[in-house]
Each structure stands twice: as C-alpha cells, then as structure tokens.
Amino acid sequence: MPIREKIMNLKTIGQLAGAVLLTATLAGCIDVTMDVEVLNDTTGKATTTMVMGADFYAMAKAGMNTPPAEGQAAPAQEGFCEEEGAVLTENADGSATCVIVAEGKFEEIMKSEGEENPARFEVVSPGVVKVSFPTKDMMGEMGAEQADEQTKAMMAALFADKNITIRVRGKQITETNMPPSADKTSAEIVIPFLDLVNGTATLPEELTATVNTN
C-alpha cells in the first residue's frame with residue numbers, strides 16, 4: 001500500500017491495517033483506540049477513537065477549509081473526521097478527538113461504514129463469543145532497513161509516544177492473548193506506532209479474546 005499524500009480518513013483508520021501505512025507526517029500525530037464490546041452472543045459495539053495533536057489538527061483544519069483551485073476537482077478522499085456519523089470534539093488544548101461508533105449485529109459491525117472492520121466475531125457456543133483481530137497486514141512498508149537516516153529520525157520524532165490500542169470488553173473474559181484487566185471484564189494491548197512502521201512489533205497472527213456473556 002503506497003504512502004498517501006492526503007490526511008487520513010476515518011474509514012481507513014478504522015481498518016487498522018491501513019492505519020499505520022498513511023502519510024507519516026500526519027499519521028504520527030494520532031493516537032488510535034479500537035474498543036469492541038460484546039453485548040451478547042449476537043450483538044456488539046465497536047468504538048474507534050482518534051486523537052490528533054494541536055499542531056497537526058491546526059494544519060488539518062486549514063487544509064479542510066481550503067477550497068480546490070479554480071478548474072480543479074475537490075479531492076476524493078475526505079479529511080479528518082468528516083465522514084457521516086463521526087463525532088468531532090475540539091479540545092481546549094487545540095487538539096481534536098474523533099469518535100465513530102458501530103453498534104448492532106456482529107455481521108453489521110464487521111461491515112460498518114461500508115468498509116471491512118478488522119474485528120471478527122465467532123460464536124463458540126451459546127453465550128460465548130470469540131473476538132479476533134488479524135495482525136499480518138499491520139506492519140508498515142517503511143522498515144528501518146529501507147529508510148535513510150533523515151527519514152528514520154523524522155519518523156522517530158513523529159511517531160514517538162503514539163499508539164494503537166486494541167481493547168475487547170464483555171461480562172467475562174475467559175481466554176485471551178492480550179493482557180486482561182484485574183476483574184476479567186476486558187483485555188487490551190497497546191502497540192507503539194513506531195514499532196509497526198519499523199516492522200519491529202512482535203505480534204501473534206491474531207489478537208484474540210473470548211467473552212462469556214451469560
């Protein structure tokens with residue numbers, strides 16, 4: 001997937017795999033949290049939250065408010081948090097938070113926003129649901145061995161302290177390969193963006209959590 005020149009859009013970030021392969025100068029300013037709650041053995045709720053830092057949001061906002069030059073068509077890709085159903089909050093410190101929620105039957109969540117959601121749901125038995133996130137496409141294409149020193153330094157600065165958090169919640173987590181909470185009602189993993197871009201993250205083929213809804 002090529003590095004894109006335009007600011008990331010919500011649908012792509014919701015796909016997780018594409019989240020780490022977007023424009024380095026903008027992707028590095030975003031923290032992403034994907035929260036999946038299993039409500040019962042047929043329905044759930046998926047919430048994607050993105051937080052963009054103040055400096056980058058100012059640039060993104062200016063770009064969104066700039067009309068195309070005369071004779072040129074508007075870009076096909078939408079700007080930050082402009083998709084239908086997305087809720088944008090401009091914070092007091094100048095940063096911005098974008099939230100999108102998909103709630104309903106599992107098959108609806110997996111096809112939410114007209115795109116393929118990364119979460120997978122499997123009913124193991126009545127009241128028991130396994131949630132999984134495939135990881136093979138999460139690694140970036142700009143591995144450290146392929147980048148020059150200047151690019152490495154730029155990426156390290158931009159992606160420092162930025163993460164993708166994947167969380168599964170439910171009545172009881174019975175099995176997971178992610179760190180569980182003390183009360184066993186959730187499991188989550190925090191993955192540094194820089195590790196994904198550099199290809200140094202150590203991840204299983206799938207991140208999974210099995211939820212007992214009874």
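A contact, in what follows, means heavy atoms within 4.5 Å. The structure before you is a predicted model.

Let me begin with the overall fold. Among contacts in the protein with a separation of 6 or more, 63% are made by residues 24 or more positions apart. As for secondary structure, the protein contains 6 helices and 10 strands.

The protein has 214 residues, and 42% of them count as buried.

How many does a search of the whole structure find? It finds 1 disulfide. The partners are cysteine 81 and cysteine 98, with an S to S distance of 2.1 Å. The link between cysteine 81 and cysteine 98 is right-handed, with 85 degrees about the S-S bond. This pair connects distant parts of the chain, its two cysteines lying 17 residues apart. Cysteine 81 sits in the loop between helix H3 (54-64) and strand E3 (87-90), while cysteine 98 belongs to strand E4, residues 96-105.

Are these two cysteines buried or exposed? The cut-off for buried is under 20% relative accessible area. Cysteine 81 has 9% relative accessibility and therefore counts as buried. Cysteine 98 is likewise buried, because its relative accessible area is 0%.

To close, the disulfide joins cysteine 81 to cysteine 98, with cysteine 81 buried and cysteine 98 buried. Thank you for your attention.

Note on methods: Residues numbered from 1 in each chain as written. Predicted model: local features only at pLDDT ≥ 70, side-chain atom pairs only at ≥ 80, totals over all residues. Heavy atoms only, no water. Helix = DSSP H or I, 4+ residues; strand = E, 2+ residues; numbered from the N terminus. Buried < 20%, exposed > 50% of the residue type's maximum accessible area, 1.4 Å probe, protein only. Disulfide = S-S within 2.5 Å.
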